[in-house]
Amino acid sequence: MDEKTSRSGAAESAALAAPPMDASDSLLALIHMASRQIGRAFHARIATEFDVTVVEWRVMLSLAGRSGATAADIAEMWAMEKMAVSRAVGRLERMGRIARRVKPEDRRSLALALTAKGRRVFKRIGPAANARYREITSAATPDELAELSRVLTKLVRQARDLAD
């Protein structure tokens, strides 16, 4: 094999091992970008108007449907980092939006619940958050959204299984 062939083979191997030059070439990169952009779109309207971060909103949303959940439950439900949830819980508690109480059945766990103030804030944020959700999802048809949901559910399950 001559030097030119050897160099071109090495370059070809390096190109195959390298990540795509354009992040949009990768489905997983697109999923990540969509998540980040949705978070930014939420923040642009909801976070600034209601003084609530995306993570804090997810905590409140979780507790509105499941009072008594722990921070670990919420982190698992949303696949979020425990530290991010812990910071959100601390800030929401300082703001009087949630309360913590020791779970009687497991004194090591703290159950979280929306306070009366938290429920009032949640009721104010809900319509705006739902409107923002509709604005974001209006880019796709109902059939496309259903298919996307179906495929993403499969990918989330697969990733969770691989992580366990």
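Helix α7 (residues 142–163) gives the most to the lining of the largest pocket, with 11 residues. Helices here are DSSP runs (H or I, at least four residues), numbered from the N terminus. The model is predicted, and local features need pLDDT of at least 70, side-chain atom pairs pLDDT 80 or more, while totals for linings use all residues. Residues are numbered from 1 along each chain, and side-chain values use heavy atoms, without hydrogens and water.

The volume of the largest pocket is about 2,000 Å³. A pocket is an open set of points on a 1 Å grid over the protein atoms alone, where a 1.4 Å probe fits, with protein on both sides within 12 Å along at least five of seven lines; lining residues have an atom within 4 Å of a point. Volume is the space filled by probe spheres set on the points, which are joined across faces, edges and corners. The lining comprises 41 residues, and Ser35, Ile38, Arg58, Trp78 and Leu152 lie nearest the centre. At least two lining residues come from each of α2 (27–50), α3, α4 (71–78), α6 and α7. By class, 29 are nonpolar (Ala, Val, Leu, Ile, Met, Phe, Trp, Tyr, Cys and Pro), 6 charged (Asp, Glu, Lys and Arg) and 6 polar (the others, Gly among them).

The second largest pocket holds about 360 Å³. Among its 13 lining residues, Ser35, Arg36, Gly39, Val54 and Arg58 are the closest to its centre. Helix α2 supplies the largest share, 7 residues. The lining has 6 nonpolar, 3 polar and 4 charged residues.
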